[in-house]
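The structure is shown first.

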Number of protein chains: 2
Amino acid sequence: MGNENLVFEKYLQSKGLKLTQPRKIILNAAFATHEHFDVDGLYDQIRKKQKDVSRATIYRTIPLLVEAGLIKQSLRCLAKDHYEHIYGHGRHLHLICEKCGKIIEVESKETENILNKLAKKHNFNIKEFNVGAKGICNKCQK
Amino acid sequence: MGNENLVFEKYLQSKGLKLTQPRKIILNAAFATHEHFDVDGLYDQIRKKQKDVSRATIYRTIPLLVEAGLIKQSLRCLAKDHYEHIYGHGRHLHLICEKCGKIIEVESKETENILNKLAKKHNFNIKEFNVGAKGICNKCQK
DNA sequence: TTCATTCTGAGAATAAATCTCATTCTCAAT
DNA sequence: ATTGAGAATGAGATTTATTCTCAGAATGAA
């Protein structure tokens, strides 16, 4: 376990908000898996542990986690919103299989550098990268 | 006007489908603007011209246009799905302003090459690129 | 024309995300 | 410890984009 809790608390303090019990639970659930997650996934995971947090609170907490720089919204690949944590993880890009939904994560400093270069040219202040491709994965090609 | 009509007709024929009046209207609306568009945008645009096509038909036709390689879904940046046409346009990546919603389109062969290289390494068959970044544009920084 | 198939519009249905509001919690000041 | 003001929560209603259903209309080959 990293120190996401600390980061989150700091962020909340800076906004005059509180690190409450439900928010802690949601934060931990979000960081419990190293996969991508969605609201329903968090909800189920929390309920399995006999904790009790409403969907509404999850929906309300996610933007805070994004703002705090702890998670980001993933490339859209399905109907509902998906997120991944970015705190303590190198940036990566995604190859998303259209058949089985599998997400392959790949490191690529190069892409990031290019985007940074282009952004500078347009005087654009990048907050978040979104790089990836959809297609058919190894297995599903057969 | 390019020959999107022809491309679409060929695609439909290959699937045993027909290039009907509503489908023509939707195709033309999609290619009438060089901006990104969404379902409601198309619907309004079509109604302004006294034509009559239902939302349901637009929703049904869009996947066909995607399959035909004429349009693609854009990087998610808002609540609803957005599309852009790709037929007759070079690939580009997007810098999306989180404040004003402006989309800056940038050419970058480099990024494409890198993604192709990485995909090959993973034996992944790329169908569609999605490259971009969110942040704050030039104007909104002030 | 006939027949099988495909299309369409209208509105119902679904599902994710947001909002409302009454209640509960939190914490600094007393 | 108590209080009070503001923040947070849960439950369910609401909104909004998208998909589905179905009866009728269009299409095109035989």
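This is a predicted model: local features need pLDDT of at least 70, side-chain atom pairs count only at pLDDT 80 or more; totals for chains, interfaces and linings use all residues.

## Helix packing in chain A

The helices α2(A) and α4(A) cross in a right-handed sense. The axes of α2(A), residues 21–32, and α4(A), residues 55–67, come within 10 Å and cross at roughly 70 degrees. Angles of 65 to 115 degrees count as roughly perpendicular, and α2(A) and α4(A) are therefore described in that way.

On the α2(A) side, the contact is made by A:Pro22, A:Arg23, A:Ile26, A:Leu27 and A:Ala30, which meet A:Thr57, A:Ile58, A:Thr61, A:Leu64 and A:Leu65 of α4(A). Of these contact residues, seven are nonpolar, two polar and one charged.

## Relation of the two chains

Chain A is superposed on chain B by a rotation of 180 degrees with 0.0 Å of shift along the axis, at an RMSD of 0.1 Å. The two copies are thus related as by a two-fold rotation axis. Within chain A, A:Val131 has the C-alpha nearest this axis, at 2.2 Å.

Because 100% of the interface residues of chain A are also interface residues in chain B, the copies meet through the same surface.

## The shared sheet

An open sheet of six strands has the order β4(A)-β3(A)-β5(A)-β5(B)-β3(B)-β4(B), with mixed pairing. Its edge strands are β4 of chain A and β4 of chain B, both spanning 103–106. Neighbouring strands are turned against each other by 25 degrees on average, direction ignored.

The β5 strands of chains A and B, residues 125–136 in each, run antiparallel and are joined by 11 bridges. One bridge pairs A:Phe129 with B:Ala133 in β5(B).

How values were computed: Residues are numbered from 1 along each chain as its sequence is written. Chains are lettered from A and ligands numbered from 1 in the order in which they are written. Side-chain values use heavy atoms; hydrogens and water are left out. Axes are lines fitted to C-alpha atoms, for helices over the stretch in contact, and angles run from 0 to 180 degrees between N-to-C directions. Helices (H or I, at least four residues) and strands (E, at least two) are DSSP runs, numbered from the N terminus. Angles under 35 degrees count as roughly parallel, over 145 as roughly antiparallel, 65 to 115 as roughly perpendicular and the rest as oblique. A crossing is left-handed if the near helix is turned anticlockwise from the far one by less than a right angle, and right-handed if clockwise. Contact means heavy atoms within 4.5 Å. Ala, Val, Leu, Ile, Met, Phe, Trp, Tyr, Cys and Pro count as nonpolar, Asp, Glu, Lys and Arg as charged, and the others, Gly among them, as polar. Copies are superposed by least squares on the C-alpha atoms of residues with pLDDT of at least 70 in both. Two strands pair if DSSP finds at least two bridges between them.
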